[in-house]
Amino acid sequence: MSSIPEELSYTKEHEWVAGLDDGLTVTVGITAFAAEALGDVVFVQLPEAGGTVEAGDAVGEVESTKSVSDIYAPVAGEVVEVNQTVVDDPSLVNSDPYGDGWLFRVRVEGTPEELLTAEEYTTFTTSDS
């Protein structure tokens, strides 16, 4: 399995969150663990910029050659940007899940709950398999 970046937060649905420290806007993606489990990603549907999301809600989909999986919002807030590059080239989810394969950005409302540290996510994914 790929390394799990220490500076990110994670969900049990295999999304990652970057930028919680600034308290304003976070970047969301799916983990390398999820990307590897999905196989070759061929389609990504993301929430619309300007819309609001609630933590835990399904807000999009990732389709691979194996299956279709929901994308869940790890935080509540307004979607301020979507990664059009990943919509145009879904393979970035596989090749660079923590970089160019990010999915969307959210202006956070409230305090995110139930996010895991890298260590907790590592334990979760190793005990989950």
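Me: Where does Gly39 lie, and why is Gly39 called buried?
Reply: Gly39 lies in the loop between helix 1 (32-38) and strand 4 (41-45), where helices (H or I, at least four residues) and strands (E, at least two) are DSSP runs, numbered from the N terminus. A residue is buried under 20% relative accessible area, exposed over 50%, and partly exposed in between, using a 1.4 Å probe and protein chains only. The relative accessibility of Gly39 is 15%, which is under 20%, so Gly39 counts as buried. The C-alpha atoms of Gly39 and Val26 are separated by 26 Å, although the two residues are 13 residues apart along the chain.

Me: What kind of model is this, and which pLDDT does a local feature need?
Reply: This is a predicted model, in which local features need pLDDT of at least 70 and side-chain atom pairs count only at pLDDT 80 or more, while totals for chains, interfaces and linings use all residues. Residues are numbered from 1 along each chain as its sequence is written, and side-chain values use heavy atoms, with hydrogens and water left out.

Me: What makes Glu78 and Arg107 a salt bridge?
Reply: The rule asks for a side-chain nitrogen of Lys or Arg within 4 Å of a carboxyl oxygen of Asp or Glu. For Glu78 and Arg107 the closest N and O atoms are 2.9 Å apart, which is within 4 Å, and therefore the pair is a salt bridge. The bridge links distant parts of the chain, since Glu78 is in strand 8 (residues 77-82) and Arg107 in strand 9 (residues 104-108), 29 residues apart.

Me: Why is Glu78 called partly exposed, and why is Arg107 given that word?
Reply: Glu78 has a relative accessible area of 29% and Arg107 one of 42%.

Me: Why is His14 called buried, and why does Glu114 count as exposed?
Reply: His14, in the loop between strand 1 and strand 2 (15-18), has a relative accessible area of 14%, which is under the limit for buried, so the word applies. Glu114, in the loop between strand 9 and helix 4 (118-128), has 71% relative accessibility, which is over the limit for exposed, and therefore Glu114 counts as exposed. Neither residue is a glycine, yet phi is positive in His14, at about 75°, and in Glu114, near 65°.

Me: What does UniProt list for Lys66, and why does Lys66 count as exposed?
Reply: The UniProt record, an unreviewed entry, lists Lys66 for "modified residue: N6-lipoyllysine"; UniProt positions are given in the numbering used here, feature names are shortened, and annotations may be inferred rather than shown by experiment. Lys66 lies in the loop between strand 6 (58-64) and strand 7 (68-72), and its relative accessibility of 62% is over the limit, so Lys66 counts as exposed. For "domain: Lipoyl-binding", also in an unreviewed entry, UniProt lists residues 25-107. Over residues 25-107 the chain is 19% helix and 42% strand, with the end C-alpha atoms 4 Å apart.

Me: What makes Asp96 partly exposed?
Reply: Asp96, which is in the loop between helix 3 (92-95) and strand 9, has a relative accessible area of 29%, between the two limits, so Asp96 is partly exposed. The C-alpha atoms of Asp96 and Ala35 are 9.6 Å apart in space, whereas the residues are 61 apart in sequence.
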